[in-house]
Amino acid sequence: MAADETRTALLVIDMQNDFVLPNGSLRVNGGLAIVPNVIKAVEVARSRGFLVIWVVREHDPLGRDVELFRRHLYADGKPKPTSKGSKGSELVDGLVIKEGDYKVVKTRFSAFFNTNLHSVLLGAGIDSLVVTGVQTPNCIRQTVFDGVALDYKSVTVIVDATAAATPNVHDANIYDMKNIGVLAPTLEEWCQS
């Protein structure tokens with residue numbers, strides 16, 4: 001059964017230069033390959049009347065809001081991954097926030113953790129989520145598991161509009177998410193549903 005289009009949000013997670021581009025400081029190997037599919041998913045979502053939510057990491061350049069295990073990346077003289085205002089924190093070319101979209105800034109894996117995402121979704125009457133972006137075992141998985149825990153009626157991960165460092169890691173995490181009731185169509189299947 002298809003989700004009610006006015007009650008569905010598309011989450012685009014971490015499709016930023018530092019995660020996607022070949023020279024990105026936190027590059028996910030499969031990230032660049034999914035850019036065209038994420039662009040298409042955004043186009044389809046907008047045409048269906050979905051709320052498009054851009055979930056991005058933006059950190060303090062001094063690393064004060066970064067997870068403990070990543071603080072070394074913010075030491076003096078090193079590039080500062082996804083720092084506020086940096087080129088690395090910008091969305092990759094082809095992805096554009098438009099009027100009516102919403103941007104959520106996170107500093108941890110889950111788009112729900114210490115953000116206003118859940119409140120925004122509730123306020124917009126959203127009960128179904130479609131997820132795209134990087135990286136499958138971290139930000140995608142944690143956001144999806146939290147969405148399930150928060151009782152969203154339907155949570156979907158578009159398998160070829162999400163990516164991980166390796167196909168095996170991606171597939172294993174998709175398998176785990178399917179086992180908790182998450183839908184995992186290809187982009188083509190999702191577009192036809």
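**Entry 1: Arg46 and Asp101**

I started with Arg46 and Asp101, whose side chains meet in a salt bridge, 2.4 Å from N to O. I keep in mind that this is a predicted model. Looking up where the partners sit, I found Arg46 in helix 2 (residues 35-47) and Asp101 in the loop between strand 2 and strand 3, 55 residues apart, so that the pair links distant parts of the chain. Arg46 is partly exposed, with a relative accessible area of 28%, while Asp101 is buried at 16%. The cut-off I used for buried is under 20%.

How many salt bridges does the structure hold? I noted 10.

Next I looked at Arg7, which forms a salt bridge with Asp127; the closest N and O atoms are 3.0 Å apart. Arg7 lies in the segment before strand 1 and Asp127 in the loop between helix 3 and strand 4, so this pair ties together parts that are 120 residues apart in sequence. Arg7 counts as partly exposed, at 35% relative accessibility. Asp127 is buried, with a relative accessible area of 14%.

I also looked up Arg57 and Glu67, whose side chains meet in a salt bridge at 2.7 Å, N to O. Arg57 is in strand 2 and Glu67 in the loop between strand 2 and strand 3, 10 residues apart. Both of these residues are buried. Back at Arg7, I found a network: salt bridges that share partners join Arg7, Asp127 and Lys153.

**Entry 2: a charge without a bridge**

Is Asp18 buried or exposed? I found Asp18 buried, yet without a salt bridge. The nearest side chain of opposite charge is that of Arg70, 10 Å away. Asp18 lies in helix 1 (residues 17-20). I listed residues that Asp18 touches, leaving out those up to four places away in sequence; among them are Gly24, Ser25, Arg27, Lys80, Thr82 and Ser89.

**Entry 3: aromatic rings**

I went looking for aromatic pairs and the count came to 3. In one of them, the rings of Phe69 and Phe109 have their centres 6.2 Å apart and their planes at 35 degrees, so I wrote the pair down as tilted. Phe69 lies in the loop between strand 2 (51-57) and strand 3 (102-106), and Phe109 in the loop between strand 3 and helix 3 (117-123), so the pair ties together parts 40 residues apart in sequence. Phe69 is partly exposed, with a relative accessible area of 48%. Phe109 is also partly exposed, at 24%.

The rings of Phe112 and Tyr152 have centres 5.9 Å apart and planes at 35 degrees, so this pair is tilted. Phe112 is in the loop between strand 3 and helix 3, and Tyr152 in the loop between helix 4 (136-149) and strand 5 (154-163), 40 residues apart.

Arg48 lies over the face of Trp190, at 4.9 Å from the ring centre.

**Entry 4: strand 4**

How many residues of strand 4 are buried? I noted 7 of its 7, for a strand that runs over residues 128-134. In general, side chains in a regular strand alternate between the two faces of the sheet. I looked for this in strand 4: Ser128, Val130, Thr132 and Val134 point one way, Leu129, Val131 and Gly133 the other way, and all are buried.

Then I checked the neighbours. Strand 1 (residues 8-13) pairs with strand 4 in the parallel sense over 6 bridges; Thr8 has Ser128 as its bridge partner. Strand 4 pairs with strand 5 in the parallel sense, over 6 bridges, and there Gly133 has Thr162 as its bridge partner.

**Entry 5: Glu188**

My last stop was Glu188, in helix 6 (residues 187-192). Glu188 is exposed, with a relative accessible area of 53%. Glu188 and Ile158 are 30 residues apart in sequence, and I found their C-alpha atoms 9.3 Å apart in space.

Conventions:
Residues numbered from 1 in each chain as written. Predicted model: local features only at pLDDT ≥ 70, side-chain atom pairs only at ≥ 80, totals over all residues. Heavy atoms only, no water. Helix = DSSP H or I, 4+ residues; strand = E, 2+ residues; numbered from the N terminus. Buried < 20%, exposed > 50% of the residue type's maximum accessible area, 1.4 Å probe, protein only. Lys, Arg positive; Asp, Glu negative; His and termini not counted. Salt bridge = Lys/Arg side-chain N within 4 Å of Asp/Glu carboxyl O. Contact = heavy atoms within 4.5 Å. Phe/Tyr/Trp six-rings, centres within 6.5 Å; stacked < 30°, edge-to-face > 60°. Lys NZ or Arg CZ within 6 Å of the ring centre and 35° of its normal. Pairing = 2+ DSSP bridges.
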